[in-house]
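I opened this notebook to keep track of what I looked up, one entry at a time. The entries follow the order in which I checked things.

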Amino acid sequence: MTASNWTVPPFGLGTFRLKDQVVRDSVRDALEVGYRVIDTAQGYDNEGEIGETIADSGVDRSKLYITTKIKPDNYSADKLVPSLRESLDKLGVDAVDLTLIHWPAPRGPVSAEEYLGALADAHAQGLTRQIGVSNFTIALLKQARDLLGDLPIATNQVEIHPYLQNRKLADFARQEGIHLTSYMTLAVGKVMEDDVLKDVAGAHDATPAQVALAWAMQQGFSVIPSSTKREHLESNMKALDLRLSEEDMERIAALDGQGQRLANPASVAPDWD
């Protein structure tokens, strides 16, 4: 199966906050241990380093699934497509597999109608194989679907972890057949210290990180954990083979509401569900 035939894969590498040599090392190690999905964004300011690392890796482009996200500064109809072309140049590819609107920016100067129209145009031009959104609420998803018509939303990438389970949005997405990608699934490391997750991990000869990732994937979400350590990259991948019991899932479900939202920039965030 080539990347162009895939729906959004269940597991990949996130690169948020990784810059310069750190992102080069992380992507190189990830590709060497078997990762084939890489998630970046214009706002991460690391597309060039990622592109060079992919080129140096020798991994065939057809085996990779690459996601980038348009930053709010580039939402206007005259900027979105040129900015994506610049991202493709940096990444060293003719097209990415998935392009997302990074933040809805509901109070920003560019309307959803304009930026989603420009994103659809990028798709029509063959610059991205799929399109999607990130940090969209139920109301914004409904609006996006109305504006995009027959062009499917491949995923909505949102913050989901054991302490912020986003159930209202998840239930809506499930009913409507909209895929979700969980980011910050490890709650910026908080899961490693959690007694419930440690206990579940012990019963499966696993790590708390593996448990959190498996918990998200078992609900049908994709995950994109990041790490700067090769052994953690390898370890996180093992979550693909971990199957949690119904009791495990219920115990983790009970952790909801214990943690505040970690990603919530006032200028671009919506009124959350």
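Entry one, charges over rings. I then noted R261, which lies over the face of W272 at 3.9 Å from the ring centre.

Entry two, confidence. I am working with a predicted model, so I checked the scores. The chain has an average pLDDT of 96, and 97% of the residues score at least 70. I marked residues 1-5, where the pLDDT is below 50. That stretch has eight contacts in the model beyond near neighbours in sequence.

I counted ring pairs with centres within 6.5 Å, and the count came to four. F11 is in the segment before strand 1, while Y35 is in the loop between helix 1 and strand 2 (37-39), so the pair ties together parts that are 24 residues apart in sequence. I found both F11 and Y35 to be buried.

I went on to W103 and W272. The centres of their rings are 6.2 Å apart and the planes are at 70 degrees, so this pair is edge-to-face. The pair links distant parts of the chain, 169 residues apart. W103 is in the loop between strand 4 (96-101) and helix 4 (112-124), and W272 is in the segment after helix 10 (246-253). Is W103 buried or exposed? I have its relative accessibility as 10%, so W103 counts as buried. W272 comes to 23%, so I listed W272 as partly exposed. W272 is also the residue whose ring face R261 lies over.

I traced an open sheet of eight strands, in the order 1-2-3-4-5-6-7-8, with parallel pairing. Strand 1 and strand 8 (222-223) are the edge strands, and each pairs on one side only. I noted two bridges between strand 1 and strand 2, in the parallel sense. Across from G14 I found D39, in strand 2.

Where does T15 lie? I placed T15 in the loop between strand 1 (13-14) and helix 1 (20-33). Its relative accessibility is 0%, so T15 counts as buried. Leaving out residues up to four places away in sequence, I listed its contacts as V23, V27, I38, D39, T40, Y44, N46, I50 and S226. One of them, D39, is the residue I had noted opposite G14.

Terms used: Residues are numbered from 1 along each chain as its sequence is written. This is a predicted model: local features need pLDDT of at least 70, side-chain atom pairs count only at pLDDT 80 or more; totals for chains, interfaces and linings use all residues. Side-chain values use heavy atoms; hydrogens and water are left out. Helices (H or I, at least four residues) and strands (E, at least two) are DSSP runs, numbered from the N terminus. Buried means under 20% relative accessible area, exposed over 50%, partly exposed in between (1.4 Å probe, protein chains only). Contact means heavy atoms within 4.5 Å. pLDDT is the predictor's confidence in each residue, from 0 to 100. Rings of Phe, Tyr and Trp (its six-membered ring) pair if their centres lie within 6.5 Å; planes under 30 degrees apart count as stacked, over 60 as edge-to-face and the rest as tilted. A charge sits over a ring if NZ of Lys or CZ of Arg is within 6 Å of the ring centre and within 35 degrees of the ring normal. Two strands pair if DSSP finds at least two bridges between them.
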